[in-house]
Amino acid sequence: LEDARNLIETFRAQLRDDPDVASAVAAIRALLGFLKQDRGETIQGLRSSLLAAIDTLSRVDSSVAVSSGGELFLRFISLTSLEYSDYSKCKEIMIERGEIFLRKVSLSRNKIAKLCHPFIRDGARILTHAYSRVVLRVLEAAVEAKKRFSVYVTESQPDQAGQKMAKALRKLNIPVTVILDAAVGYIMEKVDLVLVGAEGVVESGGIINKIGTNQIAVCAKAQNKPFYVVAESFKFVRLFPLNQQDVPDKFKYKADTLKTNQNLTEEHPWIDYTSPSLITLLFTDLGVLTPSAVSDELIKLYL
Amino acid sequence: MPGAAERGSELSEQIEAFVARLRGGGERPRSEDTARQTLSLLRKIVAHGRWSRAGELMDLIRREGQRMTAAQPSETTVGNMVRRVLKIIREEYGRLHGRSEESDQQESLHKLLTSGGLREDFSTPYPPLRANVIEAINELLIELEGTTDNIAMQALEHIHSNEVIMTIGYSRTVEAFLKEAARKRKFQVIVAECAPFCQGHEMAVRLSKENIETTVMSDAAIFAVMSRVNKVIIGTKTILANGALIAVSGTHTLALAAKHHSTPLIVCAPMFKLSPQFPNEEDSFHKFVSPQEVLPFTEGEILAKINVHCPVFDYVPPELITLFISNIGGNAPSYIYRLMSELYHPDDYEL
């Protein structure tokens, strides 16, 4: 119980101190800290205490990102433990590799920005949705490359995340217009490309992102506009939803809502699923991928 | 050593001549010839160039490769061959260094999680490296020779009796493909002439010499005839990393008409045309030639008042393509990313 509280405190402190850090990375860092002070003697014991720890974290923040971060960490433990049978040596290697992994992952946004900004032409009009730090980094890189473009951001109710994005973009001197969520169909003829982030990338190559993304993707397809997704590779999650219903409830609603409310039909979901047929390309730190390449990556990791 | 200096200067002369030929434009060279010339040149660089470690060789090849691709960006086979050679060097070095064949050089989630640290250094000198690389390049050259035949061998599986096939312009790969099928089957071919250079005419002449019933028609009639066509078989200049094509001007129209009538579109292209580039701002694939063909200079009065363009290539998005037939078999456009990861190393995508 003491450990659980420490874990939650570490996780929350990370998000507080560095608002730019991805929640999956904060979760992995907290779990690594948990691993360092774990006093168990066996791999099995470690696994079960980690599973409990991940469960605790997802009760604090039930988003897809934390879940994928947790699963990735578990997989990391299993892969490392396969190579070394001596537990103490194994633990040393795990901690060392964990640090290396976190260091590599901190560079992932820059890698993605480098891959993605050539796709933004001079004079482009970009449509984006809600607040995504990866998209912000990409647009920053495009500005550094002396490109001129303008951005439309959807307001993204119910938390008005679009306004936050607009403020950040104005600081970079990018001309930005905030539009209503309902105005996406109206504005689509004016834009050249759509660029969104993702909270999770699923096995089929589709994405899970803030509610409203699916609508934008459908409109973009109808008007033949390219729909680009930028996401780091630790967001790849082992899920294969066939429709909106298949996405688990724990991702759709906030953790507090799930705890207090039994009848979820009255609640509005926070995320939706966009199918891979609507996505043109995914920019990740593993390279530029077509949606069909995503499942290959996941298979390489998990099987 | 005077011998080495002589060879060095002879080599740089040959590179200069090649670059000048590429830049010159003029006659549209055959992609296979360009690929073969590039490989021979790269083989000479490996054999006679001054290098002692794999890292130095790779930098040397990369430098020369950048110069060659900058001369004529629309000739993507040059860049592709350079990347293949870089991959060969990495593989041979890995083999000599004692790394197991299996170790995946690609970036992947798995590698992110299990790697222990720094990347390959390529700084250990290995004397047999030179000979190994040259031998691997020779193998690649032999593979190049056989590509058209390998593609043609698959013709009987795709073309059936009494079918109407449509094609556009003049592609030597498609010509070999159709000729091979004509030996055992009877079918008709409609060739779109592909203005303004009208290479379709030459294609029709060659096909009819093999007793294939051929019809030539203008590009404007493509949509009109499409309802009678069973299959569309075309060649291409380049295959891009997302499965799209850079093909001769007029191909996009053909592809859209085929999609509208749900006619399968088959692309016959050897693997050396696969380029790891994506279509974006920096795409220098566009090549414009003299507008003389579109509007002759004799129309001087009008010319002063208008802009005339004559683009050589067209972009065809991957959704319009049904199948790629290459020397390694048939593949769907969504599978191209996999073929790319087998041919090239991700660090070499940007030369």
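Let's start with Gln154(B) and its contacts. Leaving aside residues up to four places away in sequence, Gln154(B) touches Phe177(B), Ile325(B), Ser326(B), Gly329(B) and Gly330(B). Keep in mind that this is a predicted model.

Where does Gln154(B) lie in chain B? It sits in the loop between helix H6, residues 129–153, and helix H7, residues 155–158. Is Gln154(B) buried or exposed? Its relative accessibility is 12%. Buried means under 20%, so Gln154(B) counts as buried.

Now chain A. The secondary structure first: 13 helices and 10 strands. Along the principal axes, the C-alpha trace of chain A spans about 60 × 45 × 35 Å.

Next, burial and contacts. Of the 303 residues in chain A, 54% are buried. Take the contacts in chain A with a separation of 6 or more. Residues 24 or more positions apart account for 74% of them.

Then the surface. Chain A has an accessible surface of about 13,800 Å². Carbon and sulfur atoms hold 51% of that.

Last, charge. Chain A carries 39 positive and 36 negative charges. How far apart are their mean positions? The answer is 5 Å.

How values were computed. Residues numbered from 1 in each chain as written. Chains lettered and ligands numbered in written order. Predicted model: local features only at pLDDT ≥ 70, side-chain atom pairs only at ≥ 80, totals over all residues. Heavy atoms only, no water. Helix = DSSP H or I, 4+ residues; strand = E, 2+ residues; numbered from the N terminus. Buried < 20%, exposed > 50% of the residue type's maximum accessible area, 1.4 Å probe, protein only. Contact = heavy atoms within 4.5 Å. Areas by Shrake-Rupley, 256 points an atom, 1.4 Å probe, with all protein chains shown as cover. Lys, Arg positive; Asp, Glu negative; His and termini not counted. Charge placed at Lys NZ, Arg CZ, Asp CG, Glu CD.
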